[in-house]
Amino acid sequence: MSHTSSIPASAYHKHPLLMSAERLQVMRDYARQDPEAFWLEQAQRIHWHRKPTKAFRGSFDGDVSIKWYEDGLLNASVCCIDRHLTARGDQVALISHREGRENAEKLTYCMLHERVCRLANALTDLGVEKGQRVAICLPMISESVVAMLACARVGAIHVVLFGGFSAEGIADRLHDSGAVLVITASEAKRGSKSVPFKQTMDEALLKAGKDSTVHSVLVVRTSEAAVPMLPGRDYDFHDFVDSFEPDFIPVVMPAEAPLFMLYTSGSPGKPKAVVHTTGGYMAWAAYTMGMVYTQHPGDVLWCTADVAWITGHTSVVYGPLANGGTTMISDSLPNAPHPGRWLDLVDEYKVTMLFTSPTAVRAMMADGDEVAAAHSLESLRLLGVAGEPISSDVWLWYHDTIGRKRCPVADTWWQTETAGIVLGPVPGAQALKPGSASTPLPGLELVIADQKGQIQQNMAEGSLCIARSWPGQARTIWRDHDRFCKTYFSMVPGFYFTGDGARRDEDGYYWITGRMDDVINVAGHRLGTAEVEDALATDHRLVESAAVGVPHPVKGQALVVFVISRKDAVTQLTEAGIKTLVSDTLGRYATPEDVYIVPDLPRTRSGKIVRRLLRKIASGEVDNFGDLSTLTDQDIVRTICNFVQDKKKANAGASKRHPAHQVRA
């Protein structure tokens with residue numbers, strides 16, 4: 001909350017300063033006065049085969065056009081590996097920890113180069129060409145990083161898919177992207193659970209059927225269990241790849257050539273693939289990570305994000321490696337097999353920068369202060385969070401208990417579409433406000449618009465927009481540029497609309513207030529309500545449904561579903577069955593917290609469902625519903641309210657009667 005006292009930069013006198021407050025202001029002024037020169041200077045953070053002479057060219061108006069460094073030539077894998085081989089070839093580039101294995105795999109830059117080149121040769125042998133799409137669906141193992149960089153080396157566009165997606169969700173993405181090759185694993189362990197990667201991928205390819213463009217599947221064997229392999233299509237990853245030469249001449253790409261596509265949830269229906277290009281993205285990843293997570297010799301950055309999300313792309317792979325750092329990955333959970341597991345790893349691998357989600361911080365907080373106190377955590381010098389807003393009390397716990405009041409907390413705000421940090425502090429150069437994502441990095445101009453699209457000055461609250469382009473900005477939505485223009489540039493013409501609400505305080509610090517549309521953030525996973533409702537619509541026993549997000553003490557938000565049953569199917573439908581339908585269609589991460597089968601939904605006279613009322617009811621905020629005069633039936637609000645309260649009481653009673661068993665809705 002904004003009334004929390006700020007912590008001055010001087011509080012972190014032991015933190016290695018990136019720059020002074022004065023130097024930071026000089027950068028801001030330079031970027032504002034001469035953005036062309038400023039961004040060409042930032043482009044020098046990466047390696048170019050031909051250096052660009054142009055920064056931004058384009059417009060946010062009409063048929064939006066965004067181009068950065070368009071006359072430059074480069075290869076992203078060279079930026080991340082080759083340029084470092086002479087100076088730090090023997091430095092560890094990647095630490096890959098796998099739960100249950102005694103020692104982590106440590107790859108130096110030379111070793112990473114060999115692994116990436118072998119896979120690049122293998123991909124070429126399998127017919128993968130520049131510009132084609134390769135789908136990567138892997139757990140957090142070293143092959144996931146190698147696969148992304150190998151795609152970049154051959155000029156292929158990688159499409160990383162989350163292992164928690166359902167077969168149907170993967171099939172949709174394979175079809176939409178036109179992927180020609182898939183890299184997956186046999187299975188993965190998440191705590192005590194096994195995630196069947198290969199089985200799910202086989203089902204997805206079966207669902208895709210004749211529409212599938214996939215001709216080859218590389219399978220990383222992650223356990224001793226037998227793996228069904230389809231002759232002529234499936235290849236054992238290491239048996240096949242390790243036989244190729246450990247050198248591959250990189251394919252030089254134009255700056256505006258796509259580097260990757262990443263699927264992100266959107267409120268108007270199916271997920272959309274955001275396209276990021278090579279030159280602007282690489283410069284942006286190096287710049288943003290360099291400003292907030294600068295890596296000194298000996299630093300180990302552990303960003304706990306899955307590589308399937310933008311945070312994993314930028315903060316696990318491209319940003320740290322472009323800057324010549326050591327990056328760490330792990331498939332472990334914060335409190336399994338025992339509380340404080342992540343803190344064990346911080347001490348074991350001397351992690352200096354821990355970057356995670358507020359959900360994970362809340363999970364560590366739930367373990368109790370004594371768990372943190374039992375760990376040294378002396379190696380830490382910087383903490384970071386992203387993915388969702390963090391409350392001031394959780395921020396302070398992270399800062400005080402994990403950081404021992406000596407590590408700055410970099411609370412950052414960014415999106416799949418922005419590709420890197422937009423709002424975030426430069427540690428040591430500015431005061432920190434617990435719960436605030438602080439200020440824009442130099443070169444970025446953020447504004448707040450009211451409901452009419454008017455730009456607000458000074459202290460204000462409304463829609464968060466960005467006034468000028470930045471190198472890491474998404475260029476389009478794959479095969480749907482019209483949707484790109486409408487989604488991001490129609491709300492406030494001439495500005496990029498983030499979809500988030502924000503408040504700007506008297507010091508110019510920003511406080512994110514949440515999504516402005518119907519996208520739910522469940523433990524850092526963005527989930528469109530329309531996706532959930534589309535999944536429910538496949539069961540014709542349901543007349544209508546409405547999905548909403550409600551606050552959750554650990555996940556940040558939880559999914560709650562209200563459904564109307566057909567009269568002849570009331571006895572057939574179960575709340576457990578509806579949960580299973582959603583999780584089978586979208587993935588386990590999308591399983592609703594609660595399901596309510598109700599007689600009707602609150603709706604306006606034009607037929608629009610009033611979701612704000614459903615959120616209030618599901619959250620237990622039943623004291624003030626506001627103006628109900630626009631509803632066709634005001635009584636339905638009280639009917640649903642009574643139903644939800646009665647069901648919660650019944651569940652609470654059942655839990656008391658059967659304490660040994662978790663009662664599920």
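**Before starting**

In this predicted model, local features need pLDDT of at least 70 and side-chain atom pairs count only at pLDDT 80 or more, whereas totals for chains, interfaces and linings use all residues. Residues are numbered from 1 along each chain as its sequence is written, and side-chain values use heavy atoms, with hydrogens and water left out.

**The whole chain**

Along the principal axes, the C-alpha atoms fill a box of roughly 70 × 65 × 60 Å.

Next, colour by accessibility. Of the 665 residues, 61% count as buried; buried means under 20% relative accessible area, exposed over 50%, and partly exposed in between (1.4 Å probe, protein chains only). The chain exposes about 26400 Å², of which carbon and sulfur atoms supply 51%. Accessible areas come from the Shrake-Rupley method with a 1.4 Å probe, and for residues only the protein chains shown count as cover. Among contacts (heavy atoms within 4.5 Å) between residues at least 6 apart in sequence, 72% join residues at least 24 apart.

**Residues 27-80**

Select residues 27-80, which UniProt lists in an unreviewed entry as "domain: Acetyl-coenzyme A synthetase N-terminal". UniProt positions are given in the numbering used here, feature names are shortened, and annotations may be inferred rather than shown by experiment. This stretch is 37% helix and 19% strand, with its end C-alpha atoms 25 Å apart.

Within that selection, centre on tyrosine 69, in the loop between strand E2 (65-68) and strand E3 (73-74). Although tyrosine 69 is not a glycine, its phi is positive, about 55 degrees. Its relative accessible area is 0%, so it is buried.

**The nonpolar cores**

Select Leu119, Met282 and Tyr318, the residues with the most contacts inside the largest nonpolar core, which has 169 residues. The largest share of this core, 10 residues, comes from helix H10 (residues 278-292). A nonpolar core is a set of buried Ala, Val, Leu, Ile, Met, Phe, Trp, Tyr and Cys residues joined through side-chain atoms within 4.5 Å.

Show the neighbours of methionine 282. Not counting residues up to four places away in sequence, methionine 282 touches Ile46, Leu74, Ala76, Cys79, Cys80, Leu259, Tyr318 and Ala322.

Now select H10 by itself. Its 15 residues should span 21 Å at 1.5 Å a residue, and its end C-alpha atoms are 21 Å apart, which agrees; the expected span is 1.5 Å times one less than the number of residues. Because 15 of its 15 residues are buried, H10 is largely enclosed by the rest of the structure.

Move to H6 (residues 142-154), where 13 residues should span 18 Å and the end C-alpha atoms are 19 Å apart, in agreement. H6 is mostly covered, with 13 of its 13 residues buried. Just after H6, glycine 155 takes a positive phi of about 85 degrees.

Then select helix H7 (residues 167-177), whose buried residues are Ala167, Gly169, Ile170, Ala171, Arg173, Leu174 and Ser177. Glycine 178 follows H7 and has a positive phi near 70 degrees.

**Alanine 93**

Select alanine 93 in strand E4 (residues 92-97). This residue is buried, with a relative accessible area of 0%. Its contacts, not counting residues up to four places away in sequence, are Leu107, Thr108, Tyr109, Leu112, Leu321, Gly325, Thr326 and Thr327.

**Loops and the N-terminal segment**

Go to proline 337, in the loop between strand E17 (326-330) and helix H12 (341-348). The peptide bond from alanine 336 to proline 337 is cis, with omega near 10 degrees.

Continue to lysine 405, in the loop between helix H15 (392-402) and strand E20 (409-411). Its phi is positive, near 65 degrees, and lysine 405 is exposed, with a relative accessible area of 55%.

Finish at serine 5, in the segment before helix H1 (21-33). Serine 5 is exposed, with a relative accessible area of 59%. Draw a distance to lysine 433: the two C-alpha atoms are separated by 6.7 Å, although the residues are 428 apart along the chain.

Terms used
Helices (H or I, at least four residues) and strands (E, at least two) are DSSP runs, numbered from the N terminus.
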